[in-house]
Amino acid sequence: MSVDYAADTTARAVRLGTHIGARIDGVRLGGELPAETVALIRAALHEHKVIFFRGQDHLTEDGQYDFARLLGSPTTPHPTVTSHGLKSLAIDSQHGRANSWHTDVTFVDRVPKASILRAVSLPGYGGSTTWASTAAAYESLPEPLKRLAEALRARHTNQYDYAAAREDSADANARAYRAEFESTYYETEHPVVRVHPETGERALLLGHFVKHFVGLSTTESHTLFRLFQDRVTRLEHTTRWNWSPGDVAIWDNRATQHYAIDDYDPAEHRQLTRITLAGDIPVGVDGRQSTVIAGNADHYSIIEEVPSAA
């Protein structure tokens, strides 16, 4: 199924699934896009949560950055990893493989609103990425579990991420990257259910930066985390993208998680460049904002002011 978003543009969104995912055809990305095309990209992103563009071989890092500025305010590449790019963060298999479900940078208070990922170097096979709709996950919960999730808050840290449960890598590059990733400690308390500031949707805010749920024991936290996280990763809530050269993906970081699939040979190289856009501070159903426990992210990103969805 395809949808025209505006009569005066050739852009079309081809839906990839009921809950998440669309391919956008007829758009050449860059910093000179007309306002109506930028508006349709925003609308498609809010509706489909992750959108994909084929054939963007012309795009350079500078072009990716100029395009990102049309959608928001780019952050610095990362709060702690500062040695791998000035405008974009290299998602590079030489530094490790992020093969676990996560939402980007939830260990800070100002969670990025969106990420833009561009394929640079791809393995001969494998290396696809899967996204999940955390809004669809919330909506699928029975009412008692919705109420429970809405009452919970969770602590997220950069020392309790997807790599923490894995054995230390013998690779020197991966160890150095990990050390830089943890070089400044961040911890933030977020609502488990956040209200999307632009659409008003409710979405689960979890992923593997979660350390524990506030007020619960480690065992209780793990049990509830698994219960809610399993809703996120149900296959019907996901879409999988098999990368080709020139592909670009954009996802709403406020309503998704993603997983880079480690199914390619260790000798193969996979590199993509990611630019994140400044977001707001998450707000729970009760109106309470996220709170900083440790770390100051002012150098990483502004806090975006977003008009209330209400």
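Trainee: What does Gly-284 touch, not counting residues up to four places away in sequence?

Mentor: Gly-284 touches Pro-191, Val-193 and Val-195, where contact means heavy atoms within 4.5 Å. This is a predicted model, in which local features need pLDDT of at least 70, side-chain atom pairs count only at pLDDT 80 or more, and totals for chains, interfaces and linings use all residues. Residues are numbered from 1 along each chain as its sequence is written, and side-chain values use heavy atoms, with hydrogens and water left out.

Trainee: Why does Gly-284 count as buried?

Mentor: Buried means under 20% relative accessible area, exposed over 50%, and partly exposed in between, with a 1.4 Å probe and protein chains only. Gly-284 has 4% relative accessibility, so it counts as buried. Gly-284 lies in the loop between β16 (271–277) and β17 (291–294); strands are DSSP runs (E, at least two residues), numbered from the N terminus.

Trainee: What makes strand β6 largely enclosed by the rest of the structure?

Mentor: In β6 (residues 114–121), 6 of the 8 residues are buried, and therefore the strand is largely enclosed.

Trainee: How do you know that β6 and β16 pair?

Mentor: Two strands pair if DSSP finds at least two bridges between them. β6 and β16 have 7 bridges, in the antiparallel sense, and Arg-118 stands opposite Thr-273 in β16. Strand β14 (residues 248–252) is also joined to β6, antiparallel, by 5 bridges; here Ser-115 stands opposite Trp-251.

Trainee: Why are β13 and β15 called edge strands?

Mentor: The open sheet has 3 strands in the order β13-β7-β15, with antiparallel pairing. β13 (238–241) and β15 (256–260) each pair on one side only.

Definitions and conventions:
Helix = DSSP H or I, 4+ residues; strand = E, 2+ residues; numbered from the N terminus.
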